[in-house]
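This report is a guide for a reader who is meeting the structure for the first time. Please keep the sequence and the 3D view open while reading.

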Amino acid sequence: MDKHERHDFDVVVVGAGGAGLRAAIESSALGAKTAIVCKSLLGKAHTVMAEGGIAAALAHLDPQDDWRTHFKDTMKGGQFLNNWQMAQLHAQEAPDRVRELERWGAVFDRTPDGRILQRAFGGHTYKRLAHVGDRTGLELIRTLQDRGVHQGIDVFMECTVVALLKDGDRVSGALAYWRETGRFVIFRAKAVVLATGGYGKAWKVTSNSWEYSGDGHALAYQAGAELIDMEFFQFHPTGMIWPPGVMGILVTEGVRGEGGVLKNSEGERFMWRYLPENKRKDFAETPGESQKWVEMTVAGKQTDARRPPELSTRDNVARAIFTEARAGRGTPHGGVWLDISFQDSERIKKKLPSMYHQFKDLADVDITTQPMEVGPTAHYAMGGIRVVPHTGASTVAGLYAAGECAGGMNGANRLGGNSLSDLLVFGRRAGMGAAEFARQNASMPALDEARVDAHARRTIAPFERKGEDPFTVHSALQEVMGTYVGIFRSESDLEEGLRQLLRVKERIDKTRVEGSVMFNPGWHLARDLENLIVCAEATCRAAMLRKESRGAHSRTDYPKEDPELAKVNVCVKKSGEEMSVAPTPCPRMPIELRVLFEEKK
Ligand SMILES: Cc1cc2nc3c(=O)[nH]c(=O)nc-3n(C[C@H](O)[C@H](O)[C@H](O)COP(=O)(O)OP(=O)(O)OC[C@H]3O[C@@H](n4cnc5c(N)ncnc54)[C@H](O)[C@@H]3O)c2cc1C
């Protein structure tokens, strides 16, 4: 009798967020026997938390919009470190993916004449975010789940993948355990798609939930794949900061998209002071012009007024808030005020229902009459597994990646709304790529039983060790990342951060858990920490190598951009037992796309 439960599939997708579900739908539609494995309940992924909307140049409100403008906005937001081919495919295919979602049953907010409504977001030239109030992710995941389940995809939920298995250089499946019983399960597969999301749990103040421990990043790294752009982690400017129990929970950019203004403790609308000189002309010059933009936008009308300064890119707004608070112009709990209470209260409740309830229930603040207290929160991983744009193939044969755990699409910074569209565009492509790989490599790869046993032994090792409990060590890791690898960085901070991270790593290798393998949160965390430390170390080392400030990466000792570093992505991979970090050339954009940026000049 087999020691462990076993299943064979053509394609195994790890992760049931937007990227994983879309990949599995495509793979199964192409005839591949497909499974989804997810460590939480089906439907409880980060995608469900997405609020503001999904970016696609549908041009329903601003007819001038098209894929080229979306492509340009994305490349500018990413400070040209994005893989241009991913940004191009994304901008070109996002509208079709949104329309497809609508055909599959998603009900978006509508314009008066019945088309999908779109809202403004930072960094997007036009109103581009299709949305469902501030619960867009819920609609997206509900629709994909219905589609996937009806298509017959096998779902293994509350099942955590702990290692990728290999047959020579090729991926041959994954080892996982059931969270309920602690029993191991082997998935043998011709191809594996990683869609595990980000690693925000490396920081204490974060919008991310327990699931975001960088599992896909670390699984791929351990299997020999390359990670890129790990120095770029997005701090969303507006998270809740009070009371302490809710610190970090996201306050959607939709609040600013609907006209919310940011003020410091002196009542100053400070964002005007932080607009980059070369972008100033894109923003309203006065509160009057900004107000006109809001009124016309609320009425769904065209206007020549320019957008409010609060809709600057996320990295810029986050730095501005951080700087205001540090300069002593912060709110009582160290943030700034975000106010939308000047708008009609019924409209606020209709357009931002989750925000209304979130503040009412969690902070006893009525946002229709009072301002919100907000500050930056660790939010989104731009860095991830290096993939081939058209197929989602990683640098390891048979291994694919999509969604937040894949790198390349966003470069130095992601624009709001571009993640949900990224999930659909590249989830579909990774599903296609994996199914095609499985078709071309039709024989089932071999399993290395000795490696399976070694991975299983390592996974249960915390029950036999004598170190600290994982919760204490997790706090230590978060403390190091918050102190030394946060919004602003410097050489001395990063050096100290790395020294301390390496000490935390030794503590992780010795963590001890009590009790049994059945539903044991301490044990789950002990495993997650092994992934988090890979991501934390990669972020710190890559940040040391990038001696410049660009996008989400701000170096106080190198405050300017370095033109030479504009030509490279930082690549992290495993080299023996060491982590190697090196610059690799960015793919060069072809002339027909380069001219798009010159036309503007
Ligand atoms: C509060 C919030 C609001 C947001 N709002 C927006 C928005 O309005 N617009 C936008 O574009 N983006 C938004 N984002 C970002 C966006 O939601 C995420 O980037 C996106 O949903 C990530 O999708 P994903 O499919 O890559 O991962 P997820 O949706 O997080 O799915 C990850 C899946 O992987 C599984 N998993 C992880 N590790 C393992 C493992 N070891 N074994 C098995 N399964 C595993 C998880 O259980 C989960 O099923 C928001 C994010 C947050 C946190």
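In what sense do β3 and strand β5 pair, and over how many bridges? The pairing of β3 with β5 (residues 129-130) is antiparallel and runs over two bridges, where strands count as paired if DSSP finds at least two bridges between them.

## Basis of the model

This is a predicted model, in which local features need pLDDT of at least 70 and side-chain atom pairs count only at pLDDT 80 or more, while totals for chains, interfaces and linings use all residues. Residues are numbered from 1 along each chain as its sequence is written, and side-chain values use heavy atoms, with hydrogens and water left out.

Helices (H or I, at least four residues) and strands (E, at least two) are DSSP runs, numbered from the N terminus.

## The three-stranded sheet

The strands β3 and β5 belong to an open sheet of three strands, ordered β3-β5-β4, with antiparallel pairing. Because β3 (54-55) and β4 (118-119) stand at the edges with a single partner strand each, one side of each is left without a neighbour in the sheet. Within this sheet, I54 has A130 in β5 as its bridge partner.

## Strand β1 and its partners

Strand β1 (residues 5-14) pairs in the parallel sense with strand β9 (residues 184-194) over nine bridges, and V11 has A191 in β9 as its bridge partner. Strand β1 also runs parallel to strand β2 (residues 34-38), to which four bridges join it, and there V12 is the bridge partner of A35. From β1 the chain crosses through α1 to β2, a β-α-β crossover that is right-handed (with the strands pointing away from the viewer, the path from the first strand over the helix to the second runs clockwise).

## Helices α1 and α4

Helix α1 (residues 18-29) packs against helix α4 (residues 136-151) at an angle of about 30°, with the axes 9 Å apart; axes are lines fitted to C-alpha atoms, for helices over the stretch in contact, and angles run from 0 to 180 degrees between N-to-C directions. That angle makes α1 roughly parallel to α4, since angles under 35 degrees count as roughly parallel, over 145 as roughly antiparallel, 65 to 115 as roughly perpendicular and the rest as oblique.

Residues that meet across the pair include L21 and I25 in α1 and L140, I141 and L144 in α4, where contact means heavy atoms within 4.5 Å. By class, this contact of α1 with α4 has six nonpolar, five polar and two charged residues (Ala, Val, Leu, Ile, Met, Phe, Trp, Tyr, Cys and Pro count as nonpolar, Asp, Glu, Lys and Arg as charged, and the others, Gly among them, as polar).

## The four-stranded sheet

Further along, four strands form an open sheet with antiparallel pairing, in the order β11-β14-β13-β12. Its edge strands are β11 (233-240) and β12 (261-263), each of which pairs on one side only, and the twist from one strand to the next averages 45°. Strand β11 pairs with strand β14 (residues 372-381) over six bridges in the antiparallel sense, and F233 has A381 in β14 as its bridge partner.

Helix α8 (residues 314-329) lies across β11, β12, β13 (336-339) and β14, at about 55° to β11, whereas helix α10 (residues 353-363) lies across β11 and β14, at about 65° to β11.

## Helices α14 and α15

The axes of helix α14 (residues 491-508) and helix α15 (residues 521-545) come within 10 Å and cross at roughly 160°, and the two helices are therefore roughly antiparallel to each other. Among the residues that make this contact are L494, L498 and L501 of α14, together with I533, A536 and C540 of α15. By class, the contact of α14 with α15 has 12 nonpolar, one polar and six charged residues.
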